[in-house]
Amino acid sequence: MTTVTRDFPQFKPMPTHASVYAKDFSFTVINSHTAAVSTLHEQGVGSPTATRTTREGDIVAPRETFSFSVPIGWSGRLAVYEEGFDIGGRGTLLEGSHFLGANHTPSMALDVSYVDAFTVPMVCECNNIVAFGCNLNLNDVCPKHLQGNAKTCFNPYRDQPGKPGPNNIFRDCETMAYTYPTDDLATKVDIPGCHDSVTCCIGTACKHHPGQKKCPAKDGHVRPCAGL
């Protein structure tokens with residue numbers, strides 16, 4: 001498992017305090033994408049690293065599942081992209097911050113971000129209901145001038161303040177995943193059913209977010225979710 005320490009420009013970890021009584025938070029990630037994906041663990045400056053991974057490699061085959069845990073004080077992210085199409089770690093991100101909240105009880109803030117770029121769809125669920133993320137393949141709507149490669153769409157709003165409005169090319173995933181730096185409704189804190197763990201899924205075959213109006217169909221086209 002490769003881990004990189006970085007000072008994230010758009011991810012703001014919440015205050016943390018170490019505690020010997022706090023339980024680690026566990027992530028389970030399922031690759032339901034049509035191809036193998038590569039992963040990269042990144043952590044904030046001063047953050048402890050992710051622990052107890054079930055696999056050591058960074059390449060995850062289709063239908064393969066891997067897991068890792070993070071202690072109190074961790075802030076970081078997991079970058080995911082189709083194998084062979086990495087561009088400097090820019091891509092779909094699973095981000096989080098594990099901290100002690102009110103009464104020194106463990107809390108977790110989570111989100112899926114497409115702010116750096118979009119590479120693969122990702123959703124995460126609690127109690128078998130998708131709580132954040134979006135399962136649309138946004139490479140299908142990526143203008144040619146934003147294509148970093150065949151499997152990477154750079155986000156044109158990465159360094160722009162404010163909401164892009166109807167011109168947001170990622171608008172069909174807005175508020176469910178970060179589609180611009182201040183798309184803050186995408187962050188979920190202490191999600192019911194995810195007190196100490198979360199299950200995430202990569203690919204269009206994953207469940208869609210209840211807030212999505214458009215969904216990927218089995219024929220590869222995008223349809224209204226209500227009709228699927």
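The structure is a predicted model, in which local features need pLDDT of at least 70 and side-chain atom pairs count only at pLDDT 80 or more, while totals for chains, interfaces and linings use all residues. Residues are numbered from 1 along each chain as its sequence is written, and side-chain values use heavy atoms, with hydrogens and water left out.

**Overall pattern**

- A disulfide here is a pair of cysteine sulfur atoms within 2.5 Å, and by this rule the count comes to six disulfides.
- When the bonded cysteines of the chain are numbered in sequence order, the pairing reads 1-8, 2-7, 3-6, 4-5, 9-10, 11-12.

**Cys 124 and Cys 200**

- One of the disulfides joins Cys 124 to Cys 200, with an S to S distance of 2.1 Å, and this link is right-handed, with 105° about the S-S bond.
- The pair links distant parts of the chain, since Cys 124 lies in strand E10 (residues 122-126) and Cys 200 in strand E15 (residues 197-202), 76 residues apart.
- Strands (E, at least two residues) and helices (H or I, at least four) are DSSP runs, and they are numbered from the N terminus.
- Cys 124 counts as buried at 0% relative accessibility, and Cys 200 also counts as buried, at 1%.
- The term buried means under 20% relative accessible area, whereas exposed means over 50% and partly exposed is in between, all with a 1.4 Å probe and protein chains only.

**Cys 134 and Cys 173**

- Another disulfide joins Cys 134 to Cys 173, where the S to S distance is 2.1 Å.
- The torsion about the S-S bond of Cys 134 and Cys 173 is about -60°, and the disulfide is therefore left-handed.
- This pair, too, links distant parts of the chain: Cys 134 is in strand E11 (residues 129-134), while Cys 173 is in the loop between strand E13 (152-154) and strand E14 (188-189), and the two are 39 residues apart.
- Cys 134 has a relative accessible area of 0% and so is buried, and Cys 173 is likewise buried, with a relative accessible area of 0%.

**Cys 201 and Cys 206**

- A further disulfide joins Cys 201 to Cys 206, with an S to S distance of 2.0 Å, and the link is left-handed, with -80° about the S-S bond.
- Cys 201 counts as buried because its relative accessibility is 13%, and Cys 206 is buried with a relative accessible area of 7%.
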